[in-house]
Amino acid sequence: MLRYFFEILNGGMGIEGWIVALLIFGFTAWMFVHAIRNGEYIWAAFIIFFFFSAILYFFMVYRASGGGNPMAGFELPGAADRRQIKRLQADIHHLDKPHLHLQLADIYFSQGKLDQAEESYRAAYARDPNDEDIRAHLGNCLARRGKPQEALPLLQSVGAQNPKHDYGYTLMTLAETQAATGQIDAALATWRQVLSLYGYPRARVQYAELLIQKKEYAEARKSLEEVINDAPYVTKFQRKREAVWFNRAKAWQRSIPGSG
């Protein structure tokens, strides 16, 4: 191999030899860079000193990692959900279990297809009305679909049984639903229960909004200030996710009489 390279360098192989040398160098560099990027440092060392190591690396590591497939790691948006939906539909056809309907409904809900989600949640509920996940998720879906009266008993039953269900999100939906049905005092009590367990900006801001309706400005201001004061100390991801509540807190704080 070394003699072959010396012949190329001395011009003994002509232009064809230079082309072959460039191809070999390019391939070796390609495998070396791939090895470094993937933390294969021992392979990288062998590739530098032994050309045939590049060929071995190509077949033993590069192709095995999916590098030989230009579509490896690429997936059209929603493809995983579509595969999961088809799998669940097939399983439901054969087994018709409540948890399968629940999983299907959760996917539809995450896609914003609330009508299909409600249908699947109802199918799950018909098969197991005692499951708290099914009741909570159906109640949440009904609340989002503008059916608070139907959602209320489902959410109340789960909230009474397990206030920490879904990390307090079911209890927050209950508070929102109570407010939507005009039960302001009940909603305030539920928000206080949430805030005794968690410090979500969503909870603090909506709690303050109801207090402002009742002209209880001092407590409302305190709740909003907690949100605003915490904002600089949360993670970048959380700040982005909760931006709507941080902005609402600032807007409501300015609207309170005597704020300035």
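Biologist: How many helices and strands does the protein have?

Modeller: The predicted model has 15 helices and 0 strands. Buried residues make up 35% of the 260 residues in the protein.

Biologist: What share of the contacts with a separation of 6 or more comes from residues 24 or more positions apart?

Modeller: Such residues account for 41% of those contacts.

Biologist: Let's take a pair of helices. How do you know whether α6 and α7 are roughly parallel or roughly antiparallel?

Modeller: Look at the angle. The axes of α6 (residues 98-110) and α7 (residues 114-127) cross at roughly 165°. Angles over 145 degrees count as roughly antiparallel. Therefore α6 and α7 are roughly antiparallel to each other. Their axes come within 8 Å, and the crossing is left-handed.

Biologist: Which residues make the contact between α6 and α7?

Modeller: From α6, they include His101, Leu104, Ala105 and Tyr108. From α7, they include Ala117, Ser120, Tyr121 and Ala124.

Biologist: Which residues touch the most other members of the largest nonpolar core?

Modeller: Tyr121, Trp191 and Leu224 do, in a core of 48 residues. Helix α12 (residues 201-213) gives the most to this core, with 7 residues. Apart from it lies another core, of 7 residues, among them Met31, Ala44, Tyr57 and Phe58.

Biologist: Leu224 lies in helix α13. How do you know whether Leu224 is buried or exposed?

Modeller: The relative accessible area of Leu224 is 0%. The cut-off for buried is under 20%. Therefore Leu224 is buried.

Biologist: What does Leu224 contact, leaving aside its neighbours within four places in sequence?

Modeller: The contacts are Val205, Ala208, Ile212, Ala249, Trp252, Gln253 and Ile256. Take Ala208. Leu224 and Ala208 are 16 residues apart along the chain, and their C-alpha atoms are separated by 6.6 Å.

Biologist: Back to helix pairs. What makes α10 and α12 roughly parallel?

Modeller: The axes of α10 (residues 169-180) and α12 cross at roughly 20°. Angles under 35 degrees count as roughly parallel. So α10 and α12 are roughly parallel to each other. The axes come within 11 Å. The crossing of α10 and α12 is left-handed.

Biologist: Which residues of α10 and α12 make the contact?

Modeller: Tyr169, Met172, Thr173, Glu176 and Ala179 come from α10. Arg202, Ala203, Gln206 and Leu210 come from α12.

Biologist: Now the rings. How many aromatic pairs does a search of the whole structure find?

Modeller: The search finds 3.

Biologist: Why is the pair of Tyr198 and Tyr200 called stacked?

Modeller: There are two values to check. The centres of Tyr198 and Tyr200 are 5.2 Å apart, and rings pair if their centres lie within 6.5 Å. The planes are 15° apart, and planes under 30 degrees apart count as stacked. Tyr198 and Tyr200 form a stacked pair. Ring pairs also link Tyr169, Tyr198 and Tyr200 into a cluster.

Biologist: Are Tyr198 and Tyr200 buried or exposed?

Modeller: Tyr198 has a relative accessible area of 18%. Tyr200 also has 18%. The cut-off is under 20%. So Tyr198 is buried, and Tyr200 is buried.

Biologist: Turn to the loops. What makes the phi of Asp166 worth a remark?

Modeller: Phi of Asp166 is positive, about 50°, although Asp166 is not a glycine. Asp166 lies in the loop between α9 (148-161) and α10.

Biologist: Why does Asp166 count as partly exposed?

Modeller: Its relative accessibility is 33%. Buried means under 20% and exposed means over 50%. The value falls in between, so Asp166 counts as partly exposed.

Biologist: How do you know whether Lys215 is buried or exposed?

Modeller: Lys215 has a relative accessible area of 61%. Exposed means over 50%. Therefore Lys215 is exposed. Lys215 lies in the loop between α12 and α13 (217-230). Phi of Lys215 is near 65°, a positive value in a residue other than glycine.

Note on methods:
Residues numbered from 1 in each chain as written. Predicted model: local features only at pLDDT ≥ 70, side-chain atom pairs only at ≥ 80, totals over all residues. Heavy atoms only, no water. Core = buried A, V, L, I, M, F, W, Y, C linked by side-chain atoms within 4.5 Å. Buried < 20%, exposed > 50% of the residue type's maximum accessible area, 1.4 Å probe, protein only. Helix = DSSP H or I, 4+ residues; strand = E, 2+ residues; numbered from the N terminus. Phe/Tyr/Trp six-rings, centres within 6.5 Å; stacked < 30°, edge-to-face > 60°. Axes fitted to C-alpha atoms, helices over the stretch in contact; angles between N-to-C directions. Parallel < 35°, antiparallel > 145°, perpendicular 65-115°, else oblique. Left-handed = near helix turned anticlockwise from the far one by under 90°. Contact = heavy atoms within 4.5 Å.
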